[in-house]
There are 2 protein chains.
Amino acid sequence: MRGNLFAVAVDLVILTVRSGGLHVLLVRRRTPPFAGEHALPGGFVRPREDLLDTATRELADETGLTGVGHHLEQLASYAAPGRDPRGRVLTVGHLALVPDLALPTAGSDAAGAWHAVADRAEPLAFDHDHILADGVERARAKLEYTTLAASFCPPEFTVAQLRRVYEAVWGTPLDPRNFQRKVTSTEGFLVPTARTVSRGRGRPAQLFRRGPATALHPPMLRDP
Amino acid sequence: MRGNLFAVAVDLVILTVRSGGLHVLLVRRRTPPFAGEHALPGGFVRPREDLLDTATRELADETGLTGVGHHLEQLASYAAPGRDPRGRVLTVGHLALVPDLALPTAGSDAAGAWHAVADRAEPLAFDHDHILADGVERARAKLEYTTLAASFCPPEFTVAQLRRVYEAVWGTPLDPRNFQRKVTSTEGFLVPTARTVSRGRGRPAQLFRRGPATALHPPMLRDP
DNA sequence: CCAAAAGTGTTTATAATACACCCATGC
DNA sequence: GCATGGGTGTATTATAAACACTTTTGG
């Protein structure tokens, strides 16, 4: 039946928004191949694990995130011959969108660090530049027609925080007033809480939670 | 490094539009497991092949299609433990959108046949029902924000043919007059040819080719 | 001539943009 | 008070939907 077997890994493109830009979590490799170079966090799939289980485990290892509040989805698989000098390795790239959080300074193993996606000099190990590019492209596209932007925010957030996510990911300023009405009037996007929060000067902002909706459905050629 | 190795396969969700509905190309399995049952066409990745190479080769085997004129993209990978009784097999699902074509009655090996996606009774082999559902969902979604619908049409086609594709995939009738103006006024969607074609009675229709555009970009929260 | 399908023009509704203005807080 | 960011109202503009109407063929 077989004849050619693959090792199967899961690599993670973990994105967040901080200081006005998109950032990715990278680790520095300690062992060959590509020792000393930056790479996406990842690991091999264990015997009785499904792909999403592996990704969830790796995400928890790197960020401490468990359960809900973030977004994790499969991105694509990469298996070009020669992409790993050790032999035939297929990696299933995953995309995670998480709030800006304090990374565990993990005494255990290789701790990750946030790197601005826009200005990075050196290339990543393996074909991870390619995987990262695919992940960023997918994230940008998905903000347009889903409510995923809220995954970059903490559990409770203001409309301004959400707006800064869009501005950071797309690199364009948005009109705060139109943005406000757009997101608050989109059914199922935001769930209002009674609480407000005061950010230094200015009127206190209302706090929201993520709503149940996922797709935003702009009309294309459809009839109502 | 490894310890747990996978066989890696590529399975194809080959979709077309015929007689007013979405159809999928299925083969009947001749060997265990699931001998005699319907399944998505597929096969194992060869030693020096990349995933898209395998998918392209399988698509040519099943449909005779080579080169351009159709659409082929990676869908997702499936590797749940136990999905294949023979052992650990990861399959990379691919989605192909092709014109309604005469299938090669392939004397060689298991010939495929078109099956309406809407009304199928028996479940498919392995987790292929799941992969098929993902493929159909992706195809429906992509028609909304890309110009991929033209991949279901032959190299030259009329606006009415293109409209029937949308109507079949979404299951809703569209206004022929508004549809006409929408697609002909969308930059890069259709390239007009000088030729026309007469379909029985009625005014002859102009023939078009696929244009270079891929995304349709409905505005969401963006500023111009 | 009539029926049928292709294609255009025009009106109406709906949604997106621009921007004036009010609200609630810290200092 | 006044600067600052939050939030609402409204005019303008673009786009989508509805549909009357013209065009070009086959019978």
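Student: Why is A:C153 called buried?

Tutor: A:C153 has a relative accessibility of 2%, and buried means under 20% relative accessible area, with exposed over 50% and partly exposed in between (1.4 Å probe, protein chains only), so A:C153 counts as buried. The model is predicted, with local features needing pLDDT of at least 70, side-chain atom pairs counting only at pLDDT 80 or more, and totals for chains, interfaces and linings using all residues. Residues are numbered from 1 along each chain as its sequence is written, chains are lettered from A and ligands numbered from 1 in the order in which they are written, and side-chain values use heavy atoms, with hydrogens and water left out.

Student: What makes B:C153 buried or exposed?

Tutor: B:C153 has a relative accessible area of 2%, so B:C153 is buried.

Student: How many disulfides does a search of the whole structure find?

Tutor: The search finds zero disulfides over all chains, a disulfide being a pair of cysteine sulfur atoms within 2.5 Å.

Student: What makes A:R195 and A:E156 a salt bridge?

Tutor: The term asks for a side-chain nitrogen of Lys or Arg within 4 Å of a carboxyl oxygen of Asp or Glu, and the closest N and O atoms of A:R195 and A:E156 are 3.3 Å apart, so the pair forms a salt bridge. A:R195 lies in strand β8 (residues 190-197) of chain A and A:E156 in the loop between α2 (128-145) and α3, so the pair ties together parts that are 39 residues apart in sequence. Strands (E, at least two residues) and helices (H or I, at least four) are DSSP runs, numbered from the N terminus.

Student: Where do B:D100 and B:R18 lie, and what is the N to O distance in their salt bridge?

Tutor: Their side chains meet at 3.0 Å, N to O. B:D100 belongs to the loop between β6 and β7 (113-116) of chain B, while B:R18 belongs to strand β1, 82 residues apart. Relative accessible area is 40% for B:D100, which is therefore partly exposed, and 29% for B:R18, which is partly exposed.

Student: How do you know that B:R195 forms a salt bridge with B:E156?

Tutor: The closest N and O atoms of B:R195 and B:E156 are 3.2 Å apart. This pair, too, links distant parts of its chain, with B:R195 in strand β8 (residues 190-197) and B:E156 in the loop between α2 and α3 of chain B, 39 residues apart. B:E156 has a relative accessible area of 21%, so B:E156 is partly exposed.

Student: Which residues is A:Q161 in contact with, leaving aside its neighbours within four places in sequence?

Tutor: Contact means heavy atoms within 4.5 Å, and A:Q161 is in contact with A:C153, A:P154, A:E156 and A:R199. A:Q161 is found in helix α3 (residues 159-170) of chain A.

Student: How do you know how much area chain B and chain A bury between them?

Tutor: Buried area is the accessible area (1.4 Å probe) that two parts lose on being put together, summed over both, and for chain B and chain A this comes to about 3,900 Å², 60% of it on carbon and sulfur atoms.
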